[in-house]
Structure formats: structure tokens, C-alpha cells
Amino acid sequence: MQRRSLKDLRSGQRNALSVSSADLITAEPLNGGALPLVVQPSSEGLNLAVWAAHNRGLIEDYLAKYGAILFRGFRLEDVMEFEWFIESVSAKLLEYKERSSPRSLVSGRIYTSTEYSPSQSIFPHNENSYQLHWPTKIFFFCLEPANQGGETPIVDTRRVFQRLAPELRERFIEKQVKYVRNYGVEFGLRWSFVFQTTDKQAVEDYCRQNDIRYEWRDSDGLRTEAIRPAVVRHPRTGEWSWFNHATFFHYSTLDPLMREVLSELGEDNLPNNTYYGDGTRIEPDILDELRAAYREETVSFTWQAGDVLMLDNLLVAHSRTPYSGARKVVVGMADPLSWNSVH
């Protein structure tokens, strides 16, 4: 039997949902905390994509206030329904470009979550903040939770910004952040994977269009440098948020074993590293302060099968804890914005 489309579902339930149907759900912060806001249906059978399409304004209000919404109990069946939901609350699903982590395409523009070893943790980050263009929304759908661990902790980066010393904030606002990447053969991602092409001219065109300096190296290697702002002012709320990959990409944030392995490459050849925008090194005590700020603001929850997590990517960073057993969480990104549009 042919699957119905989101348009069909909307038509079929048009009379069942009023434009103001907030009474069909409950919405409470998780465990009385600040985030995420947990939205659940008041009764069984409520289709998330259809309800969301009729209540997009309400969802946008929730997202601006909390930065993170956990939709629980809607019983999404598969990735297609997840994609319908994203379409119901977004203008445009995005392709994963200028990649910094291994992912696989699942369907349409839905990807696996980062495919690092289950034994590794992933530090909090705002998706693609090192790029010129980045998604304003990111979505996670838990098809199968891990047997143990595997949470997706989240961090309100407005609170990170507020927690940091004013002089530290001003230093980064003035100097910005330089991202240095080496796409090697032995370590790190190959440039053909990152840019999704084997055409060097296409890579050069992309770099020029996205304010990235590039240098081809021996053995089919590539080095890039990009300077981006460290903070962003939310276009709707006007709030300042700590929005960068300065800590995530810095060599010192890696686990000790990985640092030891990569140290043999030398600083100039590391797969990823960050500096102040003028090229000077970020001081170790500053990096310690940054990591501590993220840790203090981290909130975690246990995945349940069928959960959907929606984040305002400008306001909330996400991460991953180590896990054991099977785990299947897929990701979608939507609604691009550019540094050129907010500064």
C-alpha cells in the first residue's frame, strides 16, 4: 500500500485540529529545569507533523524561550514521519556540507548522527558554527536508544555567554576565531568526503565563495583556514549566545589518548585546531574556563524510542555521551542563516 504524504495527512486531519490546538498537548520543562521543554500529546493518535503544521507559531515561541523542545509520546513510526515533521516546522531541509564528522545519508536529507566510536564522548557544539552558513534548527529522532549511555546532552549557550568573564567575551568578540583544518590521508577526514566531490576546482570555488583560505599540499592533502565570529545575536530574541567551535575543535579538548597519537603530527598538521582570529594561540587557562562553562550548563536526559529533539541551533549546543549496545539516532538540519546576515 502506498504511503500517504504529509499533504494527505494534513488534509485528513484538517477538521480534527483547530488553529489554536495547544490544548491537545502538555508542555512542561523536564524535571522542573529550564530545558528542554517536553511536549506530549494529551491523548493517543495525535500526529506530530500535522499538529505541528497547525501550531508552528506556538512551536516557534517555545523554541525562542527554551531553545530546546523534546517531543515525546507521539509514536513516530519511521524516518519518513520524522522528515514530515521537520518539513512542517521549517522552510528548507539542508544538505550536510563542509563536513567535520563522519555521517551517512539515511533518506532524503536525513543523516545518521555522528559515527564516532561508541567509547568516545562528543563535546558540546552548535552545528556548523565554523561555517559561513549554518542551520538555525537541528532535529534528532531516536529510533533505538542505547543499552547504556548514549545520551545527547544539551547546553544553553546564552547561559554559557553569561557565565564567561566579560573580558574573555570581549577578547573573542574583538579577535574572533580562526579554524585550521588539515584534510589528510592518514588522519582526519579526506577533503573529498568533507566537500563531497573529487573535483579540486569545485573545492576551490566553494572555498572562495565561503571566505575560506586554502592550500593544496603533497600527497593529495589540503589545508584550510577560516575566520568566524565567536558570538551571535539571535535575530528574533536579540539575546547574545556563545556560538562557535573554538573549544570543540581545539586540540586540547581531545581525550588524552587521541592527543598523544596526534601529537606526532605536529601542530601545523593536526586535523583540526583553533586560534584567535589573529593567529595567536588561545591560552590553556582560557580553554579550561570555556570547557568549565559548558560543563556547568550541561543538561542531560535519557532517550526513549520515538523521541524527537528540536533545537534552536543558535541558542543550544548538543553533545553525546559514550554508550554500549545498539543505538540509532538520526539527524536533520533546516533553515540556513549566514554570518553575513547577523553581523
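This is a predicted model: local features need pLDDT of at least 70, side-chain atom pairs count only at pLDDT 80 or more; totals for chains, interfaces and linings use all residues.
Some ground rules. Residues are numbered from 1 along each chain as its sequence is written, and side-chain values use heavy atoms, with hydrogens and water left out. Local features need pLDDT of at least 70, side-chain atom pairs count only at pLDDT 80 or more, and totals for chains, interfaces and linings use all residues. Helices (H or I, at least four residues) and strands (E, at least two) are DSSP runs, numbered from the N terminus.

The sheet comes up now. It is open, with four strands in the order S6-S18-S9-S16 and antiparallel pairing. Strands S6 (122-125) and S16 (298-299) are the edges; each has a single partner strand, so one side of each lacks a neighbour in the sheet. Pairing needs at least two bridges found by DSSP. S9, residues 154-156, pairs with S16 over two bridges. There, Val155 stands opposite Thr298.

What angle do H6 and H10 cross at? Roughly 105 degrees, with the axes of H6 (166-175) and H10 (284-296) coming within 12 Å. Axes are lines fitted to C-alpha atoms over the stretch in contact, and angles run from 0 to 180 degrees between N-to-C directions. So H6 and H10 are roughly perpendicular, the word for 65 to 115 degrees. In contact (heavy atoms within 4.5 Å), Leu168, Arg171 and Phe172 of H6 meet Ile286, Glu289 and Leu290 of H10.

Conventions:
Angles under 35 degrees count as roughly parallel, over 145 as roughly antiparallel, 65 to 115 as roughly perpendicular and the rest as oblique.
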